[in-house]
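Dear colleague,

My notes on it follow directly after.

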Amino acid sequence: MIRLIYLALILFSGISMAQFTLIHNVNGYTPTRGGEINTFSTLVIKDGKVVRTGDKQLANQYPKASKFNGQGMTLLPGLIDAHGHVIGLGNNLSRLDIREAGSVEEVGKLLADFSKENPKGWILGRGWDQTRWTPSTFPTAEDLDRFVKDRPVVLTRVDGHAIWVNSKAMALAGINAQSQSPAGGEIIRHASGNPTGIFIDKAESLVKRFIPPTSSAHLSQSLNKAGAHLLSLGITSAHDAGIDKQTWKLYRSRAETQTLPLRIYAMLSAADPQLESMLQTGVYKDKRDMLSIRSVKIYADGALGSRGAALLKEYKDRQGYRGLMLEQPQHLEQLIAQAVRHGFSAHTHAIGDRANRLVLDSYENVFKTTGGKLLRNRIEHAQIIEPSDIPRFKTLDIIPSMQPIHATSDMHMAEQRLTDEQLQGAYAWQTFLQQGSKVAAGSDFPVELANPFHGLHAAITRMNAQQHPQQGWRNHERLTRKQALQAFTLDAAYAAFQEFKLGSLEQGKWADFILLDKDYFKVPEQEIRDIQVMQTWIAGQLRYSKD
């Protein structure tokens with residue numbers, strides 16, 4: 001795939017160097033900052049930016065332009081994923097993938113095979129989800145020991161908020177019955193008090209700190225793999241939700257050598273011990289808009305699937321338990337204030353209704369004392385919200401950064417975890433739009449598959465891949481096709497201060513676009529999920545071709 005991309009760059013270098021490039025015979029659509037959807041059949045590009053769009057007669061005005069015939073394919077602006085984990089995705093492509101495993105036994109078989117193919121070192125993987133199994137209970141270290149017991153195994157839950165490890169990993173980490181859960185984390189235990197092998201949220205660090213560090217070369221390879229995969233899906237820009245110092249250095253280096261595979265808007269991880277030194281270096285933005293670093297990612301709570309999301313009322317399926325706050329309000333305010341003092345936006349992960357309320361309170365308090373309200377701060381996920389708190393997003397200018405695919409992935413589990421009352425403000429995309437908020441859409445890859453057409457389908461139908469439930473889950477929050485496209489383009493760009501550079505094919509903006517095998521606006525709703533990307537272009541250069 002990577003070889004294909006660079007071959008395409010060479011083949012089309014003549015096009016990119018021409019004075020004008022003409023993309024014609026296309027079925028083009030673009031949202032506009034005025035709120036309309038413009039249609040066109042011809043796109044004119046110069047120096048990587050949009051000159052004009054228009055009908056086929058426009059081609060006559062540029063007789064010397066290099067021409068590319070779109071063969072009648074549908075053309076959309078490049079899609080923007082407003083919340084993902086780029087290096088995590090790249091790592092996943094070379095680690096044990098257990099996303100499709102439907103039981104502990106299936107995980108074990110995949111693990112045993114992977115162990116034989118990769119005979120040395122720690123075994124790392126991701127994707128398990130006990131809510132899809134029967135019984136839907138947390139697995140144990142003993143379950144893994146049956147398949148691999150002589151090497152440490154660490155398997156991350158699909159949502160990234162819990163790990164499942166074998167006894168060898170716990171032994172190397174010195175974990176025993178006397179080990180204490182850190183604040184913001186939980187060690188799941190047997191009735192005897194011994195750890196089961198499940199570590200939630202901040203308890204993950206008790207084991208993960210013993211995993212050998214990733215080399216810079218491996219990190220760069222993961223970036224290449226992730227970039228190639230995202231381009232094949234029509235994603236031309238990704239918002240990377242939480243990078244450490246090593247990744248910060250890599251991204252800056254790759255931007256300076258002009259070798260980033262796609263555009264990246266990166267959030268510094270508030271958990272990195274060197275956060276302050278990165279903030280002191282200042283905002284980073286290269287002239288080609290390939291890399292922007294001007295925000296900080298903060299974690300407030302955990303995830304719903306592992307019952308780490310912080311709730312106002314107890315979980316329906318765990319009496320007396322209300323989840324985990326990873327940061328207490330005072331520290332949340334300190335982290336937000338630290339970011340805004342340096343001119344960085346604060347983007348805070350909050351899933352449960354208690355976490356969302358406390359984060360909104362924290363933003364409000366910081367704005368009063370430190371400022372920063374105009375920095376387009378965000379709440380990442382904003383999944384379960386007490387309805388009275390939704391208007392506060394608009395009042396405080398907080399952008400809800402939401403992942404439509406989470407609703408259809410979570411719907412059955414969410415109804416197990418929460419009451420109908422608790423779900424009144426859940427995954428409330430349309431409610432946010434109706435009050436004037438901009439919804440920045442993403443996928444949260446590799447928690448979910450990165451394919452943005454899965455997210456567009458979920459946003460429009462509120463149905464899963466099997467088209468269930470009929471009419472959609474809590475379907476009053478469905479989006480129109482126009483609204484969904486805007487959430488994955490212009491509004492995602494707005495959430496990164498890039499709406500005058502990216503997100504639509506308007507004059508003067510970068511010519512980032514994709515060609516599709518089907519018409520997004522006319523194909524039946526159930527087929528949106530299956531739309532295939534035929535080509536992906538960034539700044540008027542072909543970066544991916546399915547052929």
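In this predicted model, arginine 157 is in contact with a set of residues from elsewhere in the sequence, once its neighbours within four places are left aside. These are Arg126, Gly127, Trp128, Asp129, Gln130, Thr131, Ala162, Gly305 and Ser306. The residue belongs to strand S9, which covers residues 153–157. Because its relative accessibility is 2%, below the 20% cut-off, arginine 157 counts as buried. Its side chain also makes a polar contact of 2.6 Å with the side chain of aspartate 159.

Strand S9 is part of an open sheet of six strands, in the order S7-S8-S9-S10-S12-S11 and with mixed pairing. The edges are formed by strand S7 (96–97) and strand S11 (185–189), each of which pairs on one side only. Within the sheet, strand S10 (residues 162–165) runs antiparallel to strand S12 (residues 195–201), and three bridges connect the two. Isoleucine 163 has phenylalanine 199 of S12 as its bridge partner.

Two helices may also be of interest to you.

Helix H8 spans residues 216–232, 17 residues in total. From first C-alpha to last it reaches 25 Å, close to the 24 Å expected at 1.5 Å a residue. Its buried residues are Leu219, Ser220, Ser222, Leu223, Ala226, Gly227, Ala228, Leu230, Leu231 and Ser232. Just after H8, glycine 234 adopts a positive phi of about 90°.

Helix H14 comprises the 14 residues 404–417. The distance from its first C-alpha to its last is 19 Å, close to an expected 20 Å. How much of H14 is buried? The count is 10 of the 14 residues, so the helix is largely enclosed by the rest of the structure.

With kind regards

Note on methods: Residues numbered from 1 in each chain as written. Predicted model: local features only at pLDDT ≥ 70, side-chain atom pairs only at ≥ 80, totals over all residues. Heavy atoms only, no water. Helix = DSSP H or I, 4+ residues; strand = E, 2+ residues; numbered from the N terminus. Buried < 20%, exposed > 50% of the residue type's maximum accessible area, 1.4 Å probe, protein only. Polar contact = N/O pair within 3.5 Å; in protein donor to acceptor, adjacent residues only side chain to side chain. Contact = heavy atoms within 4.5 Å. Pairing = 2+ DSSP bridges. Expected span 1.5 Å × (residues − 1).
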